[in-house]
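Subject: Handing over the structure, with notes

Dear colleague,

Here is the structure that I promised to pass on to you. Please open it beside this message and follow along as you read.

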Amino acid sequence: MSETHIQIDNVNAYYSGHPALKNISVKIPKKQITAIIGPSGCGKSTLLKCMNRLIDLTDGITYSGKILIDNEDIFDRKTDIINIRKKMGLLAQKPTPLPMSIYENIAYGPRIHGIKKKADLDTIVEKYLTLVGLWEEVKDRLNSPASQLSVGQQQRLCLARGLAVEPEIILCDEPTSALDPISSQHIEQQLLKLKNEYTIVIVTHNIHQAMRLADYVIHLYLGEMVEHGPADEVFENPKDERTRAYINGTFLADVKIDKVIDTKGNQCPYNFVYAKQALHSLEKGQTLKMIVDDPTAVTEVPRGMEADGHVVLSVKQKNITDWEIVIKKKG
Ligand SMILES: Nc1ncnc2c1ncn2[C@@H]1O[C@H](COP(=O)(O)OP(=O)(O)OP(=O)(O)O)[C@@H](O)[C@H]1O
Ligand SMILES: [Mg+2]
């Protein structure tokens with residue numbers, strides 16, 4: 001494995017006391033693409049947000065452990081987080097261009113960092129728009145509002161904007177999930193080119209995208225890292241049964257729900273008892289979706305179900321009060 005760029009040591013994170021990440025320790029190599037995969041709600045975005053401490057903006061969050069970037073612990077309160085964030089570009093799920101022209105979207109960051117001369121800014125704008133494959137498409141309308149671009153073009157613009165401040169690390173959270181297939185392909189091609197110069201961490205629930213892009217893979221499952229390794233090894237011969245199941249396509253998007261129960265208004269352990277009864281009425285391998293609004297159930301029901309040998313496929317918050325737990329009956 002090449003030189004480590006981001007070292008994650010024993011990281012735990014809790015939302016209002018509910019665990020979202022459990023004892024994650026992993027080394028992310030320099031100038032490689034690392035994909036974080038796993039079913040919805042498993043903690044992928046949480047882990048990514050820990051890496052630039054954007055997690056601090058979430059109400060009720062607590063976290064512990066260490067994340068070392070270039071040997072600085074970014075969780076240490078003494079570390080200058082603004083400085084750390086300068087090393088990182090973030091590409092979000094949906095493109096978020098600034099409400100200004102195409103040109104200004106790219107020039108904005110470098111200008112803040114002290115580059116004032118128009119000629120220098122022109123060079124930067126052309127360089128980064130070219131790098132993301134957008135220059136030819138927009139060079140005649142640089143002063144038009146960025147909002148007039150197609151969604152796929154906006155996403156490439158956001159990538160260019162992130163790169164223009166010369167980060168070392170690019171963090172992407174489902175960067176193509178809002179894009180059409182052609183635009184997604186464009187972004188993927190750019191990421192593959194960029195990995196020669198940047199350390200890239202990409203969250204994706206698209207296993208095929210991870211196969212196309214990743215050098216290393218982290219598989220999260222209910223907040224735990226159940227597998228990590230070189231992509232070819234993980235995809236060809238996963239060590240963990242849950243990774244094998246995920247890769248083979250038995251993940252939530254494809255799962256047929258056989259029964260739904262709504263246990264809202266019930267506390268633990270009653271909701272657990274209802275889930276057990278519901279599973280009893282199902283065949284082996286069938287799935288139960290249960291809806292709960294008791295915060296304790298969110299951790300206790302999956303724990304109890306797993307202790308009974310069932311497989312918890314996902315735990316996901318649906319709205320401010322309700323959570324959905326999908327359980328596959330052992331078989
Ligand atoms: N702001 C929040 N407040 C409370 N719980 C949260 C919050 N954000 C996330 N969670 C919960 O923490 C767990 C991990 O969430 P996270 O967003 O990291 O998952 P994810 O793997 O990125 O899922 P997805 O694929 O749906 O984006 C989930 O159970 C989620 O419901
Ligand atoms: Mg997410």
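How many residues surround ligand 1, and which are the closest? There are 15 of them, and Y15, K44, S45, T46 and Q317 are the closest, where a residue is near a molecule if its C-beta atom, placed from the backbone, lies within 6 Å of it. Before going further, please keep in mind that this is a predicted model, in which local features need pLDDT of at least 70 and side-chain atom pairs count only at pLDDT 80 or more, while totals for chains, interfaces and linings use all residues. Residues are numbered from 1 along each chain as its sequence is written, and chains are lettered from A and ligands numbered from 1 in the order in which they are written.

The shell around ligand 1 contains 4 nonpolar, 9 polar and 2 charged residues (Ala, Val, Leu, Ile, Met, Phe, Trp, Tyr, Cys and Pro count as nonpolar, Asp, Glu, Lys and Arg as charged, and the others, Gly among them, as polar). At least two residues of this shell come from α1 (44-51), and at least two from β13 (311-317); these names refer to DSSP runs numbered from the N terminus, with helices (H or I) of at least four residues and strands (E) of at least two.

Of its 8 residues, 7 are buried, so α1 is largely enclosed by the rest of the structure, and the buried ones are K44, T46, L47, L48, K49, C50 and M51. Here a residue is buried if 20 or more other C-beta atoms lie within 10 Å of its own, exposed if 12 or fewer, and partly exposed in between, with C-beta atoms placed from the backbone. Just after α1, R53 takes a positive phi of about 60 degrees.

Next come the helix pairs. The axes of α3 (residues 102-112) and α4 (residues 118-131) come within 9 Å and cross at roughly 120 degrees, where axes are lines fitted to C-alpha atoms, for helices over the stretch in contact, and angles run from 0 to 180 degrees between N-to-C directions. In this pair, Y103, I106, A107, P110 and R111 of α3 meet L121, I124, V125, Y128 and L129 of α4 (two residues are in contact if their C-beta atoms, placed from the backbone, lie within 7 Å). By class, that contact has 9 nonpolar, no polar and 1 charged residues.

Helix α3 also packs against α6 (residues 151-164), at an angle of about 25 degrees and with the axes 8 Å apart. The two helices are therefore roughly parallel to each other (angles under 35 degrees count as roughly parallel, over 145 as roughly antiparallel, 65 to 115 as roughly perpendicular and the rest as oblique). On the α3 side I102, N105, I106, G109 and P110 take part, and they meet L157, A160, R161 and A164 in α6. The residues of this contact divide into 6 nonpolar, 2 polar and 1 charged.

Helix α6 in turn packs with α7 (residues 181-194) at an angle of about 15 degrees, their axes being 9 Å apart. That makes α6 roughly parallel to α7.

Finally, please find T204, in the loop between β8 (199-203) and α8 (207-213). T204 is buried, with 22 other C-beta atoms within 10 Å, and T204 touches A35, I37, E174, Q209 and A210, not counting residues up to four places away in sequence.

With best wishes
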